[in-house]
Amino acid sequence: MAKALIKTIIASVVICCSVGIKLFAQKAQIDYSLGAVISKPAYFPNGAKSTITGFGFDITREKFIVPNFSWTVSTGFDYFRGNITHRTRPGMEKDSSIRHFIGIPVMGGLKLYIDKMFYVSGDAGLLIRVNNNSKTHLAVTPSAGIMLRTGKSKIDLGIKLINALKGFSQAKNNSLQNGGYGFWSCRAAWVF
């Protein structure tokens, strides 16, 4: 009886693996996308006021695990121009104002297609410091979008909220150094 049970388990595992490998081989595709991004601040801590607007691009690699679920890796470049004014508070020397800053997000995540067009995703990674106005922070990014087919290629239209998590170091001169801020990004990308 134990031998029969072992044979049944082994046969089941072999069947499941072969069906899974066949499905993965048929459906696993790799997509790359190149997109333009426009960003606006969502929030800054401690009453900071902002008139900044960000412009940039991103590059994403997406690999399907199953037909409606994939993993992604992305990077990009965001240039923010405008003013961010930080009010004086304990730990800050004085009011400070920042005219521009640059961020390079490097993220990895998962994407779930609700149907053939709509998706939701979540990414985590780093928002890398480029200039002295900011610091590198851990970041999390929920997003949603729509994938439009145009012949053999696709256009990806999406919106995401990039959250630069607050650091654990002592207070710096502004929220770009402390973290705890976020910005909305609208993305239009060509998928190839």
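Which residue does the side chain of R187 meet in a salt bridge? In this predicted model, the side chain of R187 meets that of D156, with a nitrogen-to-oxygen distance of 3.0 Å. Because R187 lies in strand β9 (residues 181-191) and D156 in strand β8, this pair ties together parts of the chain that are 31 residues apart in sequence. Both of these residues, R187 and D156, are buried. Through shared partners, salt bridges join D58, E62, K111, D156, K160 and R187 into one network.

A salt bridge is also formed between the side chains of D156 and K111, where the distance from N to O is 4.0 Å. K111 is buried, as is D156.

A further salt bridge connects D58 with K160, and the closest N and O atoms of this pair are 3.5 Å apart. D58 is found in strand β3 (residues 53-66) and K160 in strand β8 (residues 153-164), so that the pair links distant parts of the chain, 102 residues apart. D58 has a relative accessible area of 5% and is therefore buried, and K160, at 18% relative accessibility, likewise counts as buried, because the cut-off for a buried residue is a value under 20%. In the structure as a whole, the search finds six salt bridges, among them the pairs R187 and D156, K111 and D156, and D58 and K160.

Terms used
Residues numbered from 1 in each chain as written. Predicted model: local features only at pLDDT ≥ 70, side-chain atom pairs only at ≥ 80, totals over all residues. Heavy atoms only, no water. Helix = DSSP H or I, 4+ residues; strand = E, 2+ residues; numbered from the N terminus. Buried < 20%, exposed > 50% of the residue type's maximum accessible area, 1.4 Å probe, protein only.
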